[in-house]
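Trainee: I have a structure open and I'd like to learn how to read it. Can we go through it together?

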Amino acid sequence: MSEHAAAERTAPDDAGRRGAVVLAAGKGTRFRSERAKVLHRVAGRTMLRWVLEALRPLGLDRVVVVVGHQADEVRAEAEASGLPGLVTVLQSEQRGTGHAVRCAVDDGALEGIDRVIVLPGDVPLLSARTLEPVLDAGDPAATVLTFDAADPAGYGRVLRDADGRVTRIVEHGDATDDERLVTEVNTAIYAFDARRLASELAALSSANAQGEEYLTDVIAPLVPHGVGAALAPEDEVAGINDRVQLADAGAVLRRRILERVMREGATVVDPQTTYVEADVTVGRDALLRPGTHLEGATRIADGAEVGPDTRLVDTRVEEGAVVAYSVASGANIGPGASVGPYAHLRSGTRLAAGAKVGEFVGTKSSVIGARSKVPHLAYIGDAEIGEDVNIGAATVTVNYDGFEKNRTVIGDRARVGSDTMLVAPVRIGVEAYTGAGSVITTDVPDGALGVERTEQRIIDGFAERKRAKHDRRQATAGGTSHGAGHRDGQDGSAPEEGPA
């Protein structure tokens, strides 16, 4: 079961009220983007949403998201998570991590909270499994989550005394050469006694290399009251500082998602070329072929087959349906239905059981009834097609009159001939037919045939006369003073007119 679907835990009665502060106010200048850093998406979610989903299983009483840059957008994303107990607090000036947490305290957002975990909003690989031991640790004042970095450059160093107890955290820019040799580094994730944290935040100073209030500076004063540390895997707690690291994190997240999908009973033929986002669900015995992209709230039912080279966004594929070499967005593909190759199902398309949409067919806002077929080269928009209908190749529902979209209704067991234009609003009756090549502008009654064509003419001897006309033109061109090879009209004379 995925973590976001896990049951929320309930803290023991003696644990007190627990909360979290998520730091999401920064811009993220190394992203070179107008978008707030935490709003960048990876594997189907923003980085902020990944962090909030990691907190969900902890059953916290309060989650405070500190917003700043693009505050309204970040606030909306946080609130859209629906996380219980979530509130937002504005940090109008970004003056460091300590100042951000102090904004939450000064706002009263942590009132009544006994223990609080503080974490950045740019750690999408984080899991509840790693956070819970930090929050529940027995250290009276604080617990620091650390990791042993292969390359510690840029990270705050965790300093310990001879007995291994944490004494303080020093930022890279403020560290001495000896301190920079330390490889145990700070993840910027901590759990605090909320009352002691509030007291130390009030005394923070910005007298450092960056001129900011560091949250790390509250650790040293808390040491006499008990500060512990917990070690985390580096690949889970590393922050994302640029788009290269974002792509690397995406690869990790997609691998985790595919492993979950496969362990829950689906087959993924080639995980290297299969992309499944976080909120997608895939049923048992479903088959995902190479080049499959499943995005948004897509749902793949048991036994369905998707791919190869198919992209589905916010689309439902019901049991036993097959979708190949196609694109769908906001569509519902019914049980046993068939889509593709090279079909495009747009928003509002619904295929009933056993329906077929074939090669180079586009659909939008249309219902295609049970066992009905649109096999080739057609556009079906704003239409309601009944059961057991056959739509001929090159059929088009002409649904837009320049002002409004109009609907086409086709009754059960109707047969629409190839190259038919159905000019909406129009109704084709039950068991009605349309002749191939027709432009249907009025309703066709049940059981009737609608045909709109000019009478066919046969012109005998046409090819012989056309050849003779060509030969005369060539002879005329060759006899002019300008020489041969000139096209009709190049010598100033008018080309021969009339029908060919």
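Mentor: Let's start with the nonpolar core. That's a set of buried Ala, Val, Leu, Ile, Met, Phe, Trp, Tyr and Cys residues joined through side-chain atoms within 4.5 Å; buried means under 20% relative accessible area, exposed over 50%, and partly exposed in between, using a 1.4 Å probe and protein chains only. Here the largest core has 58 residues, and V282, L294, I300, L345 and I410 touch the most other members.

Trainee: Which element gives the largest share of this core?

Mentor: That's α8, with seven residues. At least two residues each come from α1, α8 (243-263), β32 (383-385) and β38 (426-428). Helices (H or I, at least four residues) and strands (E, at least two) are DSSP runs, numbered from the N terminus.

Trainee: Why does this core lie between domain 1 and domain 2?

Mentor: Both domain 1 (18-236) and domain 2 (243-450) give residues to it, so the core lies between them. The bounds come from an automatic or database domain assignment.

Trainee: Before we go on, where does the model come from, and how are residues counted?

Mentor: It's a predicted model, so local features need pLDDT of at least 70 and side-chain atom pairs count only at pLDDT 80 or more, while totals for chains, interfaces and linings use all residues. Residues are numbered from 1 along each chain as its sequence is written, and side-chain values use heavy atoms, with hydrogens and water left out.

Trainee: How far apart are the C-alpha centres of the two domains?

Mentor: They lie 46 Å apart. As for contact (heavy atoms within 4.5 Å), 15 residues of domain 1 meet twelve residues of domain 2.

Trainee: Now helices. How do I describe two that pack together?

Mentor: Two packed helices are described by the angle between their axes and the distance between the axes. Axes are lines fitted to C-alpha atoms, for helices over the stretch in contact, and angles run from 0 to 180 degrees between N-to-C directions. In this model, α1 (residues 47-55) and α2 (residues 71-80) pack at about 35°, with axes 10 Å apart. L48, R49 and L52 of α1 meet V74, E77, A78 and A80 of α2.

Trainee: Which residues of α3 are buried?

Mentor: In α3 (residues 97-106), they're G98, H99, A100, V101, C103 and A104. Their cover includes β1 (18-24), β4 (62-67), β5 (86-90), β6 (115-120) and α5 (194-201).

Trainee: What should I look for in the backbone?

Mentor: Look for exceptions: most residues other than glycine have a negative phi, and most peptide bonds are trans. Here G307 and P308 are joined by a cis peptide bond, omega about 5°, and P308 sits in the loop between β18 (305-306) and β19 (310-313). The bond from A424 to P425 is also cis, with omega near 0°.

Trainee: What is phi of Y325?

Mentor: It's near 50°, a positive value in a residue other than glycine. S365 has a positive phi too, near 45°.

Trainee: Is S326 buried or exposed?

Mentor: S326 counts as buried, at 3% relative accessibility. Beyond its neighbours within four places in sequence, S326 is in contact with residues including D309, R311 and Y342.
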